[in-house]
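Please work through the exercises below with the sequence and the model open side by side, and try each task before reading its solution.

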Amino acid sequence: MDLVLIIIGALCLVMGLIGCFLPVIPGPPVSYIGLLLLHFTDDVHFTATQLIIWAVLVVVVQLADYVTPALGSRYGGGTKWGNWGAVIGMLAGVFVFPPWGVLVGPFAGAVIGELLSGREATQAFRAGLGTFIGFLISIVLKVTLCGYFIFCFIRALV
């Protein structure tokens, strides 16, 4: 039974890391589930404090995932048109132009959204760049947390 939990936990960690780049998989929560599965084996037990702190980190990073692209867009002078364009661009990029569409989609979508709202090209580009930077910050936060979870998982097993 323990081996099954360890294997499923490891798969959760890998899927969580993949989910840092794909918007359809919530990366940090899935990785956290992997740590919880390891915790319920007879081999490894994390402290309650660790589990609570990790859960809080997951919530904070998930909230930041939704906020940072919007903040980047706002900082770049974007509007709601740019925000919606970035969301649509991200989804289109994932499914139409993988793997690079994940990075290019939000930027292109924000620029197109701003242009459709009637903004000038330089303003639209600036808003798109702000959205792209916010999106990259979000990815870095998620990958860092999931990488830390993988480190904790491996260290606990070794």
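Predicted model: local features only at pLDDT ≥ 70, side-chain atom pairs only at ≥ 80, totals over all residues.

Residues are numbered from 1 along each chain as its sequence is written, and side-chain values use heavy atoms, with hydrogens and water left out.

**Exercise 1. Describe the overall make-up of the protein.**

Begin with the secondary structure, which comes to six helices and zero strands, where helices (H or I, at least four residues) and strands (E, at least two) are DSSP runs numbered from the N terminus. Next take the extent: the C-alpha trace spans about 60 × 30 × 20 Å along its principal axes. Finally, consider burial, where buried means under 20% relative accessible area, exposed over 50%, and partly exposed in between (1.4 Å probe, protein chains only); of the 158 residues in the protein, 43% are buried.

**Exercise 2. Decide how the buried residues of helix α1 are arranged around its axis.**

First check the length: α1 (residues 2–19) has 18 residues and reaches 25 Å from its first C-alpha to its last, close to the 26 Å expected at 1.5 Å a residue, the expected span being 1.5 Å times one less than the number of residues. Then list the buried residues, which are D2, L5, I6, G9, C12, L13, G16 and G19. Seen down the axis, these buried residues fall within an arc of 145 degrees, so they line one face of α1; the arc is that of the directions from the helix axis to the C-beta atoms.

**Exercise 3. Carry out the same analysis for helix α4.**

The 17 residues of α4 (residues 80–96) should span 24 Å, and the end C-alpha atoms are 23 Å apart, which agrees. The buried residues are G82, N83, G85, A86, G89, M90, G93 and V94, and they cover an arc of only 160 degrees around the axis, which puts them on the same side of α4. K80, W81, W84, I88, F95 and V96 are exposed on the other side of α4. The buried residues pack against α3 (48–75), α5 (101–116) and α6, with contact meaning heavy atoms within 4.5 Å.

**Exercise 4. Classify the packing of helices α2 and α6.**

The axes of α2 (residues 27–39) and α6 come within 9 Å and cross at roughly 10 degrees. That makes α2 roughly parallel to α6, since angles under 35 degrees count as roughly parallel, over 145 as roughly antiparallel, 65 to 115 as roughly perpendicular and the rest as oblique. The residues that α2 brings to the contact include Y32 and L35, and those of α6 include F149 and F153.

Note on methods: Axes fitted to C-alpha atoms, helices over the stretch in contact; angles between N-to-C directions.
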